[in-house]
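The tour below goes from a pocket to the ligand and its contacts.

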Amino acid sequence: MTSIKIPPEHPRAESLRIREELVEHYRKGVVATAGLIAHGRGEAFDYTLGEKTTKPALNAIEAAAATLLIAEKPVISVNGNTAALVAEEMVRLSQIVKAKIEVNLFYRSLERELAIKELLEKAGAHEVLGIGEHASAKIPELGSERRRVDPRGILAADVVLVPLEDGDRTEALVKMGKKVIAIDLNPLSRTSQKATISIVDNVVRATPKLVEIARELKQDSKKCHRILLDFDNKKNLAESITLIKERLSKLAEKGEYLTLEDEKHGF
Ligand code: PTJ
């Protein structure tokens, strides 16, 4: 439910709808104030990527699906923005790859934890970890509230999916020997740079794709292993950055961004 009416013919209708979704969930206490700022940052990077799932993003999504399916104790870490934008898809993914769902917040408060838990339960989650005193364990060397984790979830996990994350926790989780899958539109962020698998894509596009691919790969563990043998995160991340560079160079050559022809061709 959004509070303003967005005309469907508006050229930025989808982007505005997503923005309103966040504002609405901010009012409901799900999204942190800084979550709105983080979204704006994401939008800017999405522009440079052409607002579509790129080939390197798709490679990373495949590798992420394979990793989650092979994992012994996978956990999906959910924060305010993720819950507001893709609660249902995250729950569906957790069911396919048999992952636990844990709420983990940078701006932690019991009210927000409970509001996010409720949203996830409405989306079909049976168990939501990391709420209140259940987040009783601590990630070493981490100063932020993100250090508080559930011993049944992130602490014990071998693979953690972290959409819209803060770089220091990614680094700390990797140091603990866990595989970290990040979804972050900024390929230069510490999260993207330090993750085991970096999906440089919008969480609203990447998550349904992750669901679709995980469903396809579920019966084929040989293919999962093959995908992972071929995947090189550093190289893939470099391709995302190159893609942005080339796209911006092409646009710079033209000096004109919005023409009807370009829109038709997806620029
Ligand atoms: O809900 P909380 O309390 O855990 O707080 C969540 C935020 C997002 C506020 C917190 O994790 C934070 O401050 O994150 P940062 O450091 O702003 O990083 C967020 C990253 O996510 C940035 O690199 C953005 O470019 C990226 N981002 C924003 N929106 C999206 C996104 N990546 C993928 N999909 C998006 N929709």
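Helices here are DSSP runs of H or I with at least four residues, and strands are runs of E with at least two, numbered from the N terminus. This is a predicted model, in which local features need pLDDT of at least 70 and side-chain atom pairs count only at pLDDT 80 or more, while totals for chains, interfaces and linings use all residues. Residues are numbered from 1 along each chain as its sequence is written, and side-chain values use heavy atoms, with hydrogens and water left out.

Select α2 to begin: with 9 residues, α2 gives the largest share of the lining of the second largest pocket (a pocket being, on a 1 Å grid over the protein atoms alone, an open set of points where a 1.4 Å probe fits, with protein on both sides within 12 Å along at least five of seven lines, and lining residues having an atom within 4 Å of a point). The whole lining has 33 residues, and A38, R41, L164, E165 and D166 are the ones nearest the pocket centre.

Now display the ligand, whose space is the second largest pocket (more than half of its atoms lie within 2 Å of the pocket's grid points). Around the ligand are 23 residues, the closest being R41, F106, R112, R146 and N202, where near means a heavy atom within 4 Å. Helix α2 (residues 33–49) again contributes the largest share, here 6 residues of the shell.

Of the 740 Å² of accessible area that the ligand has on its own, the protein covers 94% (Shrake-Rupley method, 1.4 Å probe).
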